[in-house]
Amino acid sequence: MNGSAFSSSARVGLALGAALMSTTLLCTPAIAAAPEEADEGPGAAVAKPAHGERACPVVYFDLGETLVHTAEDGSTTYLPGASSYLRTLRARHIKVGLITNVPASWGTTDAERAARLRREVDATWRGPAAFAWADFGDRIRTPRTEAERKPSPVLWQRAKEDSAGCRVVYQAETAQEVSVASSLGYVAYQIGLPQRPAFLPAGLVELLGRRLA
């Protein structure tokens with residue numbers, strides 16, 4: 001390798017390292033790390049890949065006040081930036097899913113409860129563009145019983161098991177949910193905090209996958 005090529009490679013390496021450090025800082029929950037993570041340094045919120053874990057990321061979201069907002073009059077719309085963020089993930093071929101609480105009585109399967117959730121949201125939707133249900137496919141995880149409602153870890157565990165070994169990301173507005181997801185090996189990001197991007201930048205989500213490849 002000649003000197004010019006080595007210099008270029010070094011610059012790329014430094015840039016990659018800086019981006020990964022930025023990801024680590026952005027993903028650290030706004031509360032203390034779980035005890036088993038406390039001694040792992042600033043990268044504790046970015047879980048280490050298990051043996052054989054695939055690099056592909058799947059980004060899961062809470063729904064209410066993370067992607068959509070329900071106004072006082074009962075109407076529902078996207079939160080600012082949510083629609084464009086989903087479009088960006090779609091353009092990068094990054095899969096997305098929902099982990100959200102709904103009444104267990106809404107159905108006997110995830111598909112039935114997801115269909116009821118869609119009807120409920122669509123009935124009150126007032127946004128200029130419909131909610132992007134198609135992006136989520138069958139990756140909508142809801143509680144089978146009231147005991148499975150978040151912050152119980154069950155839904156996150158099920159979503160992770162269903163993600164074909166891919167790195168999993170979780171984004172929500174509450175510190176408690178972010179903490180639980182992080183403790184289960186998710187890259188967890190709390191939205192709505194000041195002086196932070198509205199959502200975990202799509203390029204960094206993609207980079208999390210590439211670093212494991």
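## Pockets, a strand pair and a buried aspartate

D110 is found in helix 3. Helices here are DSSP runs of H or I with at least four residues, strands are runs of E with at least two, and both are numbered from the N terminus. This is a predicted model, in which local features need pLDDT of at least 70, side-chain atom pairs count only at pLDDT 80 or more, and totals for chains, interfaces and linings use all residues. Residues are numbered from 1 along each chain as its sequence is written, and side-chain values use heavy atoms, with hydrogens and water left out.

**Around D110**

Is D110 buried or exposed? D110 counts as buried because its relative accessibility is 15%. Buried means under 20% relative accessible area, exposed means over 50%, and partly exposed lies in between (1.4 Å probe, protein chains only). Not counting residues up to four places away in sequence, D110 touches I140, R141, T142 and R158. A contact means heavy atoms within 4.5 Å. D110 and R141 are 31 residues apart along the chain, and their C-alpha atoms are separated by 6.1 Å.

**The whole chain**

The protein has seven helices and seven strands. Their order from the N terminus is α-β-β-β-α-β-α-α-β-α-β-α-β-α. There are 213 residues, and 44% of them count as buried. Among contacts with a separation of 6 or more, 69% are between residues 24 or more positions apart. The accessible surface is about 10,800 Å², with 56% belonging to carbon and sulfur atoms. Accessible areas come from the Shrake-Rupley method with a 1.4 Å probe; for residues, only the protein chains shown count as cover.

**Two pockets**

Rolling a probe the size of a water molecule over the atoms shows where empty space is left. The search uses a 1 Å grid over the protein atoms alone; a pocket is an open set of points where a 1.4 Å probe fits, with protein on both sides within 12 Å along at least five of seven lines, and lining residues have an atom within 4 Å of a point. Grid points are joined across faces, edges and corners, and a volume is the space filled by probe spheres set on the points.

| Pocket | Volume |
|---|---|
| Largest pocket | about 200 Å³ |
| Second largest pocket | about 170 Å³ |

The second largest pocket has 14 lining residues, with L63, V68, T70, L117 and V121 closest to its centre. Strand 2 (68–70) and helix 3 (110–124) are the elements that give two or more residues to this lining. Helix 3 gives the most, four residues. By class, the lining has seven nonpolar, six polar and one charged residues. Ala, Val, Leu, Ile, Met, Phe, Trp, Tyr, Cys and Pro count as nonpolar, Asp, Glu, Lys and Arg as charged, and the others, Gly among them, as polar.

The largest pocket is lined by 17 residues; C56, P57, V58, K95 and C166 lie nearest its centre. Strand 1 (residues 54–61) supplies the largest share of that lining, five residues. The class count is seven nonpolar, two polar and eight charged residues.

Strand 6 (residues 166–172) and strand 7 run parallel and are joined by four bridges. Two strands pair if DSSP finds at least two bridges between them. Q171 has Y189 of strand 7 as its bridge partner. In strand 7 (residues 187–190), V187 and Y189 point one way, A188 and Q190 point the other way, and all are buried.

Helix 6 (residues 175–183) has E177, V178, V180, A181 and S182 as its buried residues. Their cover includes helix 5 (154–161), strand 6 and strand 7. After helix 6 comes G185, with a positive phi near 100°.
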